[in-house]
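I opened this structure to see what could be looked up in it. These are my notes, in the order I made them.

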Amino acid sequence: MAAISLKNIVKRYGDGYPAVNDVSLDIADGEFMILVGPSGCGKSTLLRMIVGLEDITSGDLSIGGRRVNELAPRERKLAMVFQNYALYPHLTVYENIAFPLRLAKQPDETVREKVEKVAELLELKEHLHRKPSQLSGGQRQRVAMGRAIVREAEAFLFDEPLSNLDAKLRGQMRTEISRLQRRLGTTTVYVTHDQTEAMTLGDRVAVLRKGVLQQCATPRELYEHPVNLFVAGFIGAPPMNLLPATVTNGKVELPFCTVPIPSGIDPAAAEGKLLVAGLRPGHFEDAAYVDAAKRNRGQTFEATVDVTEWLGNEQYAYVPYESPEEIRAQVDALATELDMEAMRPQLIISLDPASRIKEGRPAQFWVDTSRMHLFNPQTGNNLAGQREPDTQPA
Ligand SMILES: Nc1ncnc2c1ncn2[C@@H]1O[C@H](COP(=O)(O)OP(=O)(O)OP(=O)(O)O)[C@@H](O)[C@H]1O
Ligand SMILES: [Mg+2]
């Protein structure tokens, strides 16, 4: 097992477009690192450069402390699992898993021991004699993983391994991959465009946008301290509310109420500016469900709910509001880039499921203003700046 280090990695394809643009990332030995971002942001390109299937235009890639830019894929001792996991249809599960060992001309006895150990781990023992066509999608996925694991690689690289599976199976496989990685402790780099997968699997998550690394941090850090509007909008479902905010006399005017400026932001620098305020749906509540102690941390306000959605264990309320053209255009552009219809100018509030707030009638809400972020609408940057990055997973 080995640490993987990327220093100023650039990839330009034939047309000169930088698909990966100056990415530096240190992946610790045994760490589960996620690469996430919308389609075309360079995730697969980055992974393919690590594994050696794609040349690196410039920068340094090291594995286990050794520079490997010029090493052939085989010599890098990495195991990759692709989206279309390409099993050999004419081979049994046993021979599919054994394939890399056969290539390495290992003796039959060693092959048998290793395949059985992996089959045990992946609960494939009773399927070893079958052909891939006789397996479910999840089982096939496990065979593909078995083939990666059996090689005892320095690291596992996954490129959207679950995207061909249905939602339920994806959830199951996610838990399995997580359990397996903890058990094996193998350095893992995992590409996905699904923020739920990213948040649940990763020790740390690297968010990419158009080939540029935006933020690499623990899931909690990304959720609580996004460095910019892009990360704020991408992480979290339903997405963070992005509201127009004007700073006047050191206070922040939002569409529904006026609140104190968050700590860590220089009121003088923000004075008079039109900004974007970020507040997650979960930082709001029906005021009737907020106790006195908590109430002081935030602000109550009145608003009329347009639509409510009750889902049993959660409840959402939607409140439309007006947004000035400048902010609206920015948020619309982001919504298009992230493919998120939910970013329309409407406040999404996560309510206590017991709340009886009614559609079409004014109601009292509460918002935890201590959680509010302020972003510069032009640059997208969080005004609170960049915090010290997490060097290691917790
Ligand atoms: N062989 C290639 N030649 C030229 N451009 C390429 C090539 N492969 C990828 N690109 C471009 O590089 C950029 C990054 O592509 P990449 O496949 O890494 O994205 P991705 O993040 O994996 O996207 P997806 O989520 O759709 O798989 C895209 O703009 C893509 O069009
Ligand atoms: Mg890809």
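I began with helices: a helix is a DSSP run of H or I with at least four residues, a strand is a run of E with at least two, and both are numbered from the N terminus. The expected span of a helix is 1.5 Å times one less than its number of residues.

**Ground rules.** I noted that this is a predicted model, where local features need pLDDT of at least 70, side-chain atom pairs count only at pLDDT 80 or more, and totals for chains, interfaces and linings use all residues. Residues are numbered from 1 along each chain as its sequence is written, chains are lettered from A and ligands numbered from 1 in the order in which they are written, and side-chain values use heavy atoms, with hydrogens and water left out.

**Helix 5.** I looked up its length. Helix 5 covers residues 167–184, which is 18 residues. Its first and last C-alpha atoms are 26 Å apart, close to the expected 26 Å. Next I checked burial (buried is under 20% relative accessible area, exposed over 50%, partly exposed in between, with a 1.4 Å probe and protein chains only). Met 173, Ile 177, Ser 178, Leu 180 and Gln 181 are buried in helix 5. Why do they share a side of helix 5? They cover an arc of only 165 degrees around the axis, and that puts them on the same side. I take the arc from the directions from the helix axis to the C-beta atoms. On the other side of helix 5, I found Lys 168 and Arg 183 exposed.

**Helix 11.** I repeated the check on residues 325–338. These 14 residues of helix 11 should span 20 Å, and the end C-alpha atoms are 20 Å apart, which agrees. I listed Ile 327, Val 331, Leu 334, Ala 335 and Leu 338 as the buried residues. They fall within an arc of 100 degrees, so they line one face of helix 11. Glu 325, Glu 326 and Thr 336 are exposed on the other side.

**Ligand 1.** Which residues surround ligand 1? Counting a residue as near if one of its heavy atoms lies within 4 Å, I found a shell that includes Tyr 13, Tyr 17, Ser 39, Cys 41, Lys 43, Thr 45 and Glu 160. Helix 1 (residues 43–51) gives the largest share of the shell, 3 residues.

I then looked at individual atoms. An oxygen atom of ligand 1 lies 2.5 Å from a polar side-chain atom of Thr 45. For Lys 43, a side-chain N or O atom is 2.8 Å from a ligand 1 oxygen. For Cys 41, a backbone N or O atom is 3.2 Å from an oxygen of ligand 1.

**Loops.** I found a cis peptide bond between Ala 237 and Pro 238, with omega about -5 degrees. Pro 238 sits in the loop between helix 8 (229–234) and strand 11 (241–248).

Where is Glu 123? Glu 123 is in the loop between helix 3 (108–121) and helix 4 (137–149). Its phi is near 55 degrees, a positive value in a residue other than glycine. Glu 123 is exposed, at 58% relative accessible area.

Asn 249 also went into my notes. Its phi is near 50 degrees, positive in a residue other than glycine. Asn 249 lies in the loop between strand 11 and strand 12 (251–253). At 69% relative accessibility, Asn 249 counts as exposed.

Methods. Polar contact = N/O pair within 3.5 Å; in protein donor to acceptor, adjacent residues only side chain to side chain.
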